[in-house]
Amino acid sequence: MQIDALSLFPAMFASVMSASMMWKAQDRGLLSFRAHDIRDYATDKHRQVDDTPYGGGGGMILKPDVLVRAIEALRPARETPAILLSPQGRLLTHQVAAELAHLPRLVLVCGHYEGIDERVRQLAITDEISIGDYVLTGGELAALVLIDAVVRLVPGVLGAAGATDRDSHAHGLLEGAHYTRPAVFRGLPVPAILTSGHHAEVARWRRRQALLRTWQRRPDLLEKAQLSAEDREWLRGQGHTPLGPPDRPGGS
């Protein structure tokens, strides 16, 4: 996957993209990442990228001529998405990240100041994504969140096969509890089922822990999760009556 980020502050990407799994993805040849300075696409001697808004008001607006020129330079193929990180965009979810992880190339546009000229949206932006219902000073942090969420889903990045299948939200539920050594810590033991060696029972316990945690912390997710008849029966036994899609086939 190739990801290009357009930013007024490209140095903000350096530390995150040179550490942990983002560095490993690049080292393994699974990711090519470049941060580009929007100012490099300005044509005047002052490298001006913003101007005051028509109609008055506070703040500065990123100029359409500079920003459209930059996007078009990085997006030679029309099928390559040009994504604006914006609080007005569709919400970044696990499903959106999985959708983007299948694409060979992304161009990310990081806004700043009061925003961008609307004609940039009309001429060069193909998608807008938000990481939450709040406003940041710029799109760089949001772009880094999107990059991490997407790149970790690219096959081979995490190493272990099927690792992302166990993530919270991968199948509509939150992950349940995890344990490691020591077996007892400050009087709290590891649940006996996890040391029993009964793999089917361990899988059933983990499924129920995921159901329980989702019910306790994000019950709204149960309205959309694909639940089996066994899942529904167990939830009813805990005092919760799930709604949502029809039962999926199979057991727990």
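Are Phe13 and Phe33 buried or exposed? Both are buried in this predicted model, and the views below begin with them.

**View A. The aromatic pair of Phe13 and Phe33.** One aromatic pair is present in the structure. The ring centres of Phe13 and Phe33 lie 5.6 Å apart with the planes at 45°, so the pair is tilted. Phe13 belongs to the loop between strand 1 (2-7) and helix 1 (14-17), and Phe33 to strand 2 (residues 32-37); 20 residues apart, they link distant parts of the chain.

**View B. Arg39 over the ring of Phe9.** The charged end of Arg39 is placed 5.6 Å from the centre of the Phe9 ring.

**View C. The contact of helix 4 with helix 6.** The axes of helix 4 (residues 94-101) and helix 6 (residues 140-151) come within 8 Å, crossing at roughly 70°. Helix 4 is therefore roughly perpendicular to helix 6. From helix 4, Ala97, Leu100 and Ala101 meet Leu146, Ala149 and Val150 of helix 6. The contact comprises six nonpolar residues, no polar and no charged.

**View D. The cis peptide bond from Arg181 to Pro182.** Omega for this bond is near 5°. Pro182 is located in the loop between helix 6 and strand 9 (184-185).

**View E. Positive phi at Arg47 and Arg186.** Most residues other than glycine have a negative phi. Arg47, not a glycine, has a phi of about 55° and is found in the loop between strand 2 and strand 3 (50-51). Its relative accessible area of 36% makes Arg47 partly exposed. Arg186 has a phi of about 50° and lies in the loop between strand 9 and strand 10 (188-189). With a relative accessible area of 76%, Arg186 is exposed.

Conventions:
Residues are numbered from 1 along each chain as its sequence is written. This is a predicted model: local features need pLDDT of at least 70, side-chain atom pairs count only at pLDDT 80 or more; totals for chains, interfaces and linings use all residues. Side-chain values use heavy atoms; hydrogens and water are left out. Rings of Phe, Tyr and Trp (its six-membered ring) pair if their centres lie within 6.5 Å; planes under 30 degrees apart count as stacked, over 60 as edge-to-face and the rest as tilted. Helices (H or I, at least four residues) and strands (E, at least two) are DSSP runs, numbered from the N terminus. Buried means under 20% relative accessible area, exposed over 50%, partly exposed in between (1.4 Å probe, protein chains only). A charge sits over a ring if NZ of Lys or CZ of Arg is within 6 Å of the ring centre and within 35 degrees of the ring normal. Axes are lines fitted to C-alpha atoms, for helices over the stretch in contact, and angles run from 0 to 180 degrees between N-to-C directions. Angles under 35 degrees count as roughly parallel, over 145 as roughly antiparallel, 65 to 115 as roughly perpendicular and the rest as oblique. Contact means heavy atoms within 4.5 Å. Ala, Val, Leu, Ile, Met, Phe, Trp, Tyr, Cys and Pro count as nonpolar, Asp, Glu, Lys and Arg as charged, and the others, Gly among them, as polar.
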